[in-house]
Structure formats: C-alpha cells, structure tokens
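Here's a quick briefing to read alongside the fold.

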Amino acid sequence: MPVIDAQTAAALMNALTALVAKAGAAVLSVSRDRMTISGKADGSPVTEADLASDRIIADGLARLRPDIALLSEERVHLAAPPYAGSLFVIDPLDGTKEFIAGREEFTVNLAIVTDGMPLLGIIGAPALGTIWRGLVGHGAQRLAVAADGRVGAAEPIATRPFPAHGAWIAAVSRSHGDSRSDAFIDSRPGAVRRPLGSAVKFCRIAEGEVDIYPRLAPTCEWDVAAGHALVVAAGGKVTDGAGVPLRFSEARTGFLVPEFIAWGDPTVAP
C-alpha cells in the first residue's frame with residue numbers, strides 16, 4: 001500500500017493547511033440560524049457545514065494524493081479497514097454541538113496516519129482565526145487565518161514542562177464529560193479544570209497552556225488522530241490509561257478509541 005513518510009508529509013504540509021483553511025472558511029459561510037440539521041444513526045447531529053467541509057477536503061485530497069485512502073466521519077460507510085500503509089483521517093467539523101450552540105470552539109481536523117501511528121496533524125479553528133499543525137519529529141506551529149481562508153505566517157509552539165510547584169491544568173470537554181476522566185483529574189491534588197470544546201483541547205496542550213487532557217471514555221479515531229500528531233510533534237505524548245501508545249487504522253468496531261490521555265510533559269506520563 002502507498003506510504004507517506006515524514007519527508008513526503010512535510011512536502012504536503014502547506015497544501016493540506018490551505019485545504020483545512022478553505023474548509024474552515026466554508027464552515028463559517030454557513031448561517032447557523034438557517035442551516036439544515038439532521039441526525040445520524042448514533043443520534044449525533046450533522047449539519048450542512050459538516051457536509052460542505054467534507055466535500056472540500058475529500059475533493060482536495062483526491063487531487064493531491066488519490067492513491068491514499070481516506071477515512072472521514074461523514075464517509076465512514078465507505079471505509080474498509082484494516083488499512084496498511086498510510087491513511088488520511090478527517091473530521092470535517094469536530095464539535096458540531098459547539099457549532100450549533102453558537103460557540104467558537106469547533107474545528108476542522110486532518111491527519112496522516114502511517115503504519116498505524118499519526119504522523120501529521122492539522123487542526124483549524126475558523127471562528128478563532130487559528131490553525132495548529134505538527135509533523136512528528138519536526139515540531140509544531142500555530143498560524144493566523146483570515147475569515148476568507150488566507151493563511152498567515154507560522155510561529156513555532158511547544159508543550160510545557162509540568163510546573164514542579166504548580167497545579168495541573170486539565171482540559172475537559174464542554175459537552176462530553178465522563179466519570180472516569182473526572183476521577184482521574186480529582187486524583188491530582190489541586191488540578192484546575194479548563195472547559196474547552198472540540199480538538200481545541202489538544203491545541204492548548206501543544207502550545208503550552210494546558211498540561212493534560214484525559215478522555216477515559218470511547219471516542220472515534222477522527223476525533224483524536226490530528227490532535228495526537230500535533231501534541232507529539234509539539235513535544236508531548238498520547239497514551240491509553242495504562243501508558244500504552246495508541247494505534248490507529250486497524251479493525252476496531254466503529255473506529256473507536258476506547259480511551260486516551262494527552263500529556264504535555266511526557267516525563268510525567270506512566
């Protein structure tokens with residue numbers, strides 16, 4: 001199967017960033033007051049913004065690398081796991097509930113997974129005017145993005161060491177709390193919860209504003225892959241609850257990730 005290595009991923013980075021920016025601009029162009037909202041089989045909502053972003057990204061990837069398989073939340077019915085080689089993993093609109101509610105913390109997520117491990121991650125938050133991107137082994141960056149999708153200059157970002165005499169700052173979901181994650185945070189004396197939406201939680205770890213993001217309940221690969229690559233590229237680590245590295249693009253039912261913890265400082269991970 002075709003493989004995208006780090007050198008090839010680096011050559012694709014700017015084109016993929018532009019694609020995420022274009023999809024984000026399309027999301028912003030949808031009126032949240034008048035948009036069509038429907039429900040999926042699992043009860044989660046999907047909007048015309050989700051579908052518009054999905055079309056833009058799928059069409060763009062078909063032009064850039066038609067030989068690489070695509071897994072998108074909005075095209076999961078076309079997926080045929082397990083995948084060997086490389087795979088694009090897409091969430092066209094992560095945080096649909098945030099988007100519907102009129103909040104700004106929704107994202108467009110794009111990842112390259114190679115041999116079961118996230119290699120490249122790009123997360124665009126169009127309402128925040130920001131894209132974060134990272135390539136494992138080559139660092140991470142933050143870029144400003146205009147409402148029309150024009151991308152500005154990149155600046156490097158990195159996770160922070162856990163403060164020896166400070167309190168954990170833990171990212172928690174605004175919309176998807178769970179008791180195991182709450183207990184994990186409670187076990188860290190003085191931990192401060194920071195509610196955030198969508199994959200923005202990974203981004204705040206990657207730029208050193210948050211120390212940890214536990215999600216000890218099932219989620220899907222397209223929710224995690226881009227953030228995984230971004231955090232690792234920025235100097236962090238992503239594991240399961242026991243400290244074991246995650247693997248992607250295998251034959252899990254529903255492409256579920258049973259649990260994960262994103263650590264800004266890898267030295268404090270188990």
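A polar contact here is a pair of N or O atoms within 3.5 Å; within protein, one must be able to donate a hydrogen and the other to accept it, and residues adjacent in sequence count only if both atoms are side-chain atoms. This is a predicted model, where local features need pLDDT of at least 70, side-chain atom pairs count only at pLDDT 80 or more, and totals for chains, interfaces and linings use all residues. Numbering runs from 1 along each chain as its sequence is written, and side-chain values use heavy atoms, with hydrogens and water left out.

**Around T239**
- T239 sits in strand β14, residues 237–239 (strands are DSSP runs of E, at least two residues, numbered from the N terminus).
- With a relative accessible area of 0%, T239 is buried (under 20%, using a 1.4 Å probe and protein chains only).
- Its side chain makes a polar contact with the side chain of W263, at 3.2 Å.
- Beyond its neighbours within four places in sequence, T239 is in contact with V244, L246, E259, F260, I261 and W263 (contact means heavy atoms within 4.5 Å).

**The whole chain**
- The protein chain has six helices and 16 strands (helices are DSSP runs of H or I, at least four residues).
- Of its 270 residues, 54% count as buried.
- Among contacts with a separation of 6 or more, 63% come from residues 24 or more positions apart.
- The C-alpha atoms fill a box of roughly 50 × 45 × 40 Å, taken along the principal axes.

Conventions. Buried means under 20% relative accessible area, exposed over 50%, partly exposed in between (1.4 Å probe, protein chains only).
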